[in-house]
Amino acid sequence: MKRLLARPRLPRLRLRSAAAALTAAAAMLLPLTVSQSAHAATTTCEPQGTVSAGDYTIQANEWNSTAQQCLTYNGGTAWSLDTANFNLPTNGAPATYPSIFKGCHWGDCTPNSGLPIQISQLGSATSSWDTTQVGSGAYDVAYDLWINSTPTTKGQPDGTEIMIWLNSRGGVQPFGGKTGTSSAAGHNWDVWTGNQTSWKIISYVLQGGSTSVSALDVKALIDDAVSRGSVNPAHYLIDAEAGFEVWQGGQGLATKSFSFSASTGGGSTGDTQAPTAPGGLTVTGTTASSASLSWSPASDNVGVTGYDVYRGSQLAGSVTGTSFTDSGLSASTAYSYTVKARDAAGNVSPASAAVSATTASGGGNPPPSGGCSATYTVSNDWGSGFTADVTVTSGSAAIHGWTVGWTYGGSQKITNAWNATVTQSGASVAAANASYNGSLGASASTSFGFQGTGSGAVPTLTCTAS
C-alpha cells in the first residue's frame with residue numbers, strides 16, 4: 001500500500017485560501033452558485049460550483065484536475081457524482097473533494113449552522129451520513145472538520161484539521177503517520193497525526209470501514225483529539241464537511257443523506273477551570289535504566305482524565321493513574337521530573353514540584369549516542385519537485401529524541417514538512433523530532449516527510465539520538 005503524498009490536502013488548501021499566486025483566487029473564495037430546485041435535480045459541472053441545500057451547501061470542489069466532473073443534487077441532502085473518471089496516481093494529490101458542509105468554509109457560511117463554537121464550550125456534536133460507494137477506483141470517504149484560533153476566517157484555518165475516514169479503497173492513506181488507536185464514539189479507529197506549516201492534522205480511520213454512520217458522536221472524537229494535544233480547546237469549530245477525495249474513477253459515489261448538528265450546553269461544556277497541580281511527587285525506585293514515580297491525585301471541578309509526565313521539558317509519557325515508570329534511561333544519570341494533570345476539556349494544571357531521580361550505576365542501557373539510523377526514500381518525483389519520506393529507527397536501546405541531518409548535492413529545496421521540524425541552510429538540512437514521536441523503544445521506528453522543489457541524488461543521512 002502506497003502512502004499518501006505531501007500530503008495531497010495542501011494544494012487544495014492553497015487553492016481554497018486564495019494564494020496570491022493564483023489568478024483564480026476570487027473564484028475560489030466566491031464560487032459559482034447554481035440555483036436550487038426543491039423538486040428537480042440540479043447539476044453543476046463547474047469545478048468550483050456549489051448548490052444550496054437548505055442549511056447545507058454542496059460543493060463540487062474539483063481542484064487538482066481538468067477532467068470533467070458533474071455533481072447532481074437530488075433534493076434534501078442527497079447528491080451524487082454522475083460524471084467522474086479521474087486517473088491520478090495514489091501517491092500524489094487527489095483530483096477533487098466534492099462534499100457537503102455546514103458552517104463557514106473559507107468565509108462562505110451556511111445558514112442556521114450554530115457554528116462557530118469554541119471547543120471548550122462544545123456541548124454536543126453529532127452526525128449521520130449514509131453513502132453509496134463504488135467497487136472500483138481510488139478514493140476515501142471522509143469528514144473534514146476545521147478548527148481555527150478565531151471564530152471566523154476567509155483563509156486557511158490555523159488550528160487543526162480533523163478528518164474522520166469511514167472508508168477508503170485503492171491504497172490511499174491519511175496525511176502524516178499512524179501514531180495510535182482510539183475507541184472514541186463507540187468505534188475502533190486508527191489515529192494518524194501530522195503537522196503542516198500553519199495547522200495540525202489528526203485523522204481517525206474507522207477500522208473495518210463502513211458505508212454509513214448513525215448519530216456518530218463527533219464531540220467524543222474532538223475530545224479525544226484534545227486529549228492527544230492535537231486540538232486547542234480555546235480554538236473554534238467553524239466548519240464540518242463530508243465527501244469523497246478521489247484519485248481514480250469516482251463516478252457513482254453518492255451521499256444518500258447527511259446531517260450534522262453542534263451546540264453548546266450539557267456535560268462539561270464551558271469548563272475552563274484547570275485542575276490543581278498534582279502533589280507529593282516522589283521517586284519510588286530506580287534501576288540503571290529506569291525511574292519509577294508516584295504522586296497524589298489532582299482535583300478538578302469536573303474531573304481529571306489523565307496526567308502528563310515530563311522529563312525536564314520533554315514529555316516522557318501520559319497515564320490515567322498516579323504512577324509512572326520511565327524506561328530506557330542512561331546509567332548513573334540524574335533526571336528531573338514534573339507532572340501536569342488535564343481534564344476532558346483540555347485544561348492543563350500547573351506543573352507539580354520537581355523531583356530528581358538518579359539511575360543506578362552499571363547494567364543499564366548505554367547512553368544512546370549514535371543510537372539511531374535513518375533512511376531516505378523519494379516517494380514521488382516530477383522533475384521540478386518531489387516528496388520524500390525519512391524513516392528513523394532506534395538501536396538496541398530506547399531513545400528520547402532524535403535529529404537527522406544531510407547535505408543535498410543537487411538543487412533540492414524543502415518547502416514544507418510533517419512529523420518533524422525541518423530547517424535548511426543552503427544545501428544543509430536538519431530535522432528534529434516532533435513532541436509526539438521523539439521517544440522510541442529499542443529497535444522501534446517512526447517517520448517524517450516533506451515536499452520540495454528541484455532535483456538531485458538521494459543524500460547520505462546521519463542520525464543522532466538523545
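**Cysteine links and a helix**

Modeller: C104 and C109 form a disulfide, with their sulfur atoms 2.0 Å apart. A disulfide here is a pair of cysteine sulfur atoms within 2.5 Å. Please keep in mind that this is a predicted model, where local features need pLDDT of at least 70, side-chain atom pairs count only at pLDDT 80 or more, and totals for chains, interfaces and linings use all residues. Residues are numbered from 1 along each chain as its sequence is written, and side-chain values use heavy atoms, with hydrogens and water left out.

Colleague: What is the general idea of a disulfide, and how many does the structure hold?

Modeller: In general, a disulfide is a covalent bond between the sulfur atoms of two cysteines. This structure holds 3 of them. With the bonded cysteines numbered in sequence order, the pairing reads 1-2, 3-4, 5-6.

Colleague: Is the link of C104 and C109 right-handed or left-handed?

Modeller: The link of C104 and C109 is right-handed, with 115° about the S-S bond. For accessibility, buried means under 20% relative accessible area, exposed over 50%, and partly exposed in between (1.4 Å probe, protein chains only). C104 counts as buried at 11%, whereas C109 is partly exposed at 39%.

Colleague: Why is the disulfide of C45 and C70 called right-handed?

Modeller: The torsion about its S-S bond is about 110°, so the disulfide of C45 and C70 is right-handed. This pair links distant parts of the chain, 25 residues apart: C45 lies in the loop between β2 (42–44) and β3 (50–53), and C70 in strand β5 (residues 70–75). Helices (H or I, at least four residues) and strands (E, at least two) are DSSP runs, numbered from the N terminus. The S to S distance is 1.9 Å. C45 is partly exposed at 35% relative accessible area, while C70 is buried at 6%.

Colleague: Which strands hold C372 and C463?

Modeller: C372 and C463 are joined by a disulfide (S to S 2.0 Å). C372 sits in strand β27 (residues 372–381) and C463 in strand β34 (residues 462–465), so to speak distant parts of the chain, 91 residues apart. Their link is left-handed, with -110° about the S-S bond, and both cysteines are buried.

Colleague: How many residues of helix α3 are buried?

Modeller: As a general idea, an α-helix has 3.6 residues a turn, so residues three or four places apart point the same way. Helix α3 (residues 218–227) is mostly covered, with 8 of its 10 residues buried. Among them are V218, L221, I222 and A225. After α3 comes G229, whose phi is positive, near 80°.
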